[in-house]
Amino acid sequence: MNNRSIAPTFWDRFWRLANPKVFMGWSGRALPWVAAAAGLFLCSGLIWGYFFTPDDIRQGSTVKIIYLHVPAALMAINGYLLMFVGALVWLIRRQHVSVLAAKAAAPVGMVMTLIALATGAIWGQPMWGTYWVWDPRLTSFLILFLFYVGYIALWAAIEDEDTAADLTSVLAIVGAVFAMLSRYAVFFWNQGLHQGTTVTMADGAQQDNISNVFFQPLLLSMMGFGLLFLTLLLIGTRTEVRSRRLKVLQARERME
Amino acid sequence: MIQLFLRDVGLSVRSGGGFGLALIFFLIVVTLIPFALGPDQTALAVIAPGVLWLGALLACLLSLDRIFGLDFEDGTLDLLATSPLPPEAVYIAKAAAHWLTTGLPLALAAPVLGMLLNLDFETGKILCLSLLLGTPALSLIGAFGASLTLGVKRGGLLLSLLVLPLYVPSLIFGAQAVRLAGQGLAYDGALVLLSAISLGAAAILPFASGAALRINLR
């Protein structure tokens, strides 16, 4: 302890943001802006995508499902990643806000997974002639959905908050490993009908990449979904912090 | 640790321990399949690898909540927690006992039950081998799930919900190996990957499960 300087380092300041009181302060101030930005990006991306882009030569107007499908799928995966990081931070640093953020991310991520699956099915019907095939990408999303459900169910089942936080964090970490494993196993199991990734930021020159006409509104829509996720995450986490406080107050009241 | 292992094996073999129940369940599942799908021999042979793997997996699932459940209720687990034995070792002993009393009999019985589904004996041997290599992962993952849901009252359903998605990779590789063998193709790749999952689970899950046990017993 003696060697340590007293001036706060960058990381001290960073972790300070996760202090519940500090978190409630900055997240409360940031929330309206993030929400407004989410609304702006989503509206502009979706309106541009739906009304001001041409129909695809082969796919016709069904191509426009992409503005919901791809961003939702992106956030579904990032949501689990966020849960993983939140769980790790909780187990290592015992930051309550991080595990509450992971808890808040789970339902949002689950709904994103559902949106991706549902829009994919609606898109698949005219394109592939079927709502569902056991394609690796589709299957791994279904498995991802099951992982979300398991995580949420474990949270709901355990009464003691800290025990629940610990156990769900362990599950989230093991689940992340097995989710990756399932993904590779599923690719080994069946060849796919779903196309590969055509939205690559780095290499726009690739031949069968998505055309810029569709890509620009898609990018807006993806940013909009990201911000929407962040908005819902902040709201969810703030609600969790408040409900914790409420429980403490109630417990205190019973003591008196 | 060895004594704990022997005790668990002993407890499950004796009456009321549920030994053999998994086997009977496996038999019943296999018996019900032709009723559901029709008695066509060639059709049965096609689906036999998958059905047998699935049956073994479900039979394995049945006895999972017994791994820690009874010991948690009567306080044995608390005593074990205060003993010098680390929870990781408790987990390994219990998972090993579960495998010996569930996974191993299932694997050995599978080729015989395969005959009921018109699976030829050569493929049956591969089925047995794939189950031998794959069921350790099922026991390890299952015991991990059981350690997570320890404190949950009536956690049986929750346990299946948590564990079944984790079984996906093992099921895929295991059934794939048998299917490939049935078609006369090279199946060793799938078997290697299946063993890799079992070994990986044995390497990683003790720590996750040990952490879960510590959390539940504090």
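Helices are DSSP runs of H or I with at least four residues, and strands are runs of E with at least two, numbered from the N terminus. In this predicted model, the elements of chain A follow the order α-α-α-α-α-α-α from the N terminus on, giving 7 helices and 0 strands.

Chain A comprises 256 residues, of which 37% are buried. Among the contacts in chain A with a separation of 6 or more, 77% are made by residues 24 or more positions apart.

Ala104(A) provides a local example. Ala104(A) lies in helix 4 of chain A, which spans residues 96-128. Ala104(A) counts as buried because 23 C-beta neighbours fall inside 10 Å, and the cut-off for a buried residue is 20 or more. Apart from neighbours within four places in sequence, the contacts of Ala104(A) are Leu233(A), Gly236(A), Thr237(A) and Glu240(A).

The interface between the chains involves 22 residues of chain A in contact with 20 residues of chain B. On the chain B side, the following helices each supply at least two residues.

| Helix of chain B | Residue range |
|---|---|
| Helix 7 | residues 121-148 |
| Helix 8 | residues 156-182 |
| Helix 9 | residues 188-217 |

Helix 8 of chain B gives the most to the side that touches chain A, with 10 residues. By class, this side of chain B has 16 nonpolar and 4 polar residues, and no charged residues.

Key
Residues are numbered from 1 along each chain as its sequence is written. Chains are lettered from A and ligands numbered from 1 in the order in which they are written. This is a predicted model: local features need pLDDT of at least 70, side-chain atom pairs count only at pLDDT 80 or more; totals for chains, interfaces and linings use all residues. A residue is buried if 20 or more other C-beta atoms lie within 10 Å of its own, exposed if 12 or fewer, and partly exposed in between; C-beta atoms are placed from the backbone. Two residues are in contact if their C-beta atoms, placed from the backbone, lie within 7 Å. Ala, Val, Leu, Ile, Met, Phe, Trp, Tyr, Cys and Pro count as nonpolar, Asp, Glu, Lys and Arg as charged, and the others, Gly among them, as polar.
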